[in-house]
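Okay, thanks for making time, everyone. Let me put the model up and then walk you through it.

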Amino acid sequence: MTGTWLRRLLRMARFRVAAGLVLVVTVLAVVPAAVVSLSPADVAPTDCSVRAADGTYQDRLPPSSTHWFGTDAQGCEVFAQVVWGTRTSLYIGVGSGVLIAVLGTMLGLIAAISGGRVDALIRRTCDVTLGIPLVVGAILLLSLLAGEQRSPTEIMLVLTLLGWPGAARIARGAARLVLVQSYIEAARAAGAGNVHVTMRHVLPNVLSSVVAYSSLTVGLLIAAESTLTYLGIGLQVPSVSWGLMIEGAQRSYATSPHLIVFPSVMLVITVTAFVLLGDATRDAVDAHIQVAR
Amino acid sequence: MAVFVVRRMGGAVVTFLVATVVIFTLTFALPGDPARVIAGRKASEATLAAIRAKYHLDQSLPTQYARWVGRLLRGDLGESIVSRRAVVSILRDALPVTMTLMAATVLIELVLGAGLGVLVGMRRGGALDRAVVVLCVLGIASPLFVLASLAQYLFGVRWGLLPVAGVDDGLIGYVLPSMVLATIGGSFAVRLMRVETLDQLNLPHVRTARSKGISERQLTRNHVARNAMTALVTFFGLEIGALLGGTVVVERVFNLAGVGGVLGRAISQRDNVVIIGFTVFVVVVYLALDVLIDVVTMLLDPRTRVS
């Protein structure tokens, strides 16, 4: 059963393009050193030198064969920063995406299976959390809870805290669709307990919907992180992040557009890849559910 | 009907109270002493004690919470730490800008959804349809601040077509910000209406109408677009909350003094009273809209009246 939507998915051109892009971005995030020789210490804007050894100024150089994406105001390689920035973005995006999927599935399943007061409580919590726009909620949490220095992990946890209700709603909805099926009744009549019904019948059916949702979410979370950083409430130097690069280049975008263009393009490509992946997966899952009905 | 409305409103009030407890608790999880924030670093113990008494900081947390909610209900959101102005009056000044921006944005999204969305849905698989589907993914995936900077650069710096900061020249100043703010929601609206249209075309009564030789225009207007609209109403209920979040980014880049712009400035000034006040306001607006949307949906589609 589960194999059908996977096979359908693998045949989709959209999925192949998106998966290819996600793969490239993942490789950059896991082994950036394979692409750029500089270590993160050299990448951090605080450690760069504006002058080269021969005394010439190296700041805001346009793209060339030696500096593919040019250099920034401190004389740092933009290419190296863009590559290392992938790691930060994916750490936060994929990290909170996975946590949201796990937490959301658990709470969604608990709500669907328990019903009654537990269900009402979880649903109400979802309503409250989703009632606050993600950016506004993150601003509130980060300005009240986190200190002056905000780490990628703190931002990941804040995004998780605000994001799980979306996944919980999906999981709850999918679980309720399964729970009314006659084979569940049959399984229960045959003496199956909650744990058996959940693990054997509900979870496999819920998982496909949650996976599709999570991939889309990873894209949107990466965008959210860079937005928060851009607003000055997210990451700070010496973290290397696309949001920071774009924010720092704001003042000189008329004279050195390359400082904005490269991190922006990378950011949009990465988010697009995850959104497209989620889209394709959801379409494959939906088509499968319709066939199964 | 009346029972339904009352019950939904009751639910919204409960949600609001829970949200206030959360926000209040977060405020008190704050590192640092609020009295010291008000009095400044060099204040003496006596001054601090006086401030604690004045702002009732010496009382128990539940008492303080009750007092805080009481003030909220009377429309008192406290005063800004930075400018000493009442948060409510700051909000009142900021609201017209944001409401104009959001009205323009919703209008663009509505035209995109009900127009383009239905159009490509009716012509599934064509060149336009395929182009729109790709553009929508890009629209959803492009962060607002990237689009805003790009629009500023192209329309303002490069071509000098439109104002890129402030609304001193009147409504023209809202053109770029609302276009940028509408990209994400507009893309979602187009996708939603496209799928809704496809679903409608598969329904038996639409197929019957088609087989009886109805014109495409009549089919679209009388059978498809009308029924697909319900989805758009529900969509805008959720969308307005997201738009309020988006205004923080867009108003910052385009230097507009609306709710989002003021909130953005409060963040950089660490003005927590303003941050909390504005967040509470956004939550209230969202909850009120949620109830309103449910009622409107019910009026539009009698089938949802069965609860």
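So, starting with chain B: take the contacts between residues at least 6 apart in sequence, and 70% of those join residues at least 24 apart. By contact I mean C-beta atoms, placed from the backbone, within 7 Å.

Quick housekeeping. This is a predicted model, where local features need pLDDT of at least 70, side-chain atom pairs count only at pLDDT 80 or more, and totals for chains, interfaces and linings use all residues. Residues are numbered from 1 along each chain as its sequence is written, with chains lettered from A and ligands numbered from 1 in the order in which they are written.

Back to chain B, which has twelve helices and zero strands; those are DSSP runs, H or I of at least four residues for helices, E of at least two for strands, numbered from the N terminus. Its C-alpha atoms fill a box of roughly 85 × 55 × 30 Å along the principal axes. Of its 307 residues, 36% are buried, meaning 20 or more other C-beta atoms within 10 Å of the residue's own, again placed from the backbone.

Now, the interface. 35 residues of chain A are in contact with 39 of chain B. On the chain A side, α5 (116–130), α6 (134–144), α9 (194–231) and α11 (258–292) each give two or more residues, and α11(A) gives the most, with nine.

Last, the largest nonpolar core: 151 residues, with A:Ala138 and B:Ala148 touching the most other members. A core here is a set of buried Ala, Val, Leu, Ile, Met, Phe, Trp, Tyr and Cys residues joined through C-beta atoms within 7 Å. α9(A) supplies the largest share, 15 residues.

Terms used
Two residues are in contact if their C-beta atoms, placed from the backbone, lie within 7 Å. A residue is buried if 20 or more other C-beta atoms lie within 10 Å of its own, exposed if 12 or fewer, and partly exposed in between; C-beta atoms are placed from the backbone.
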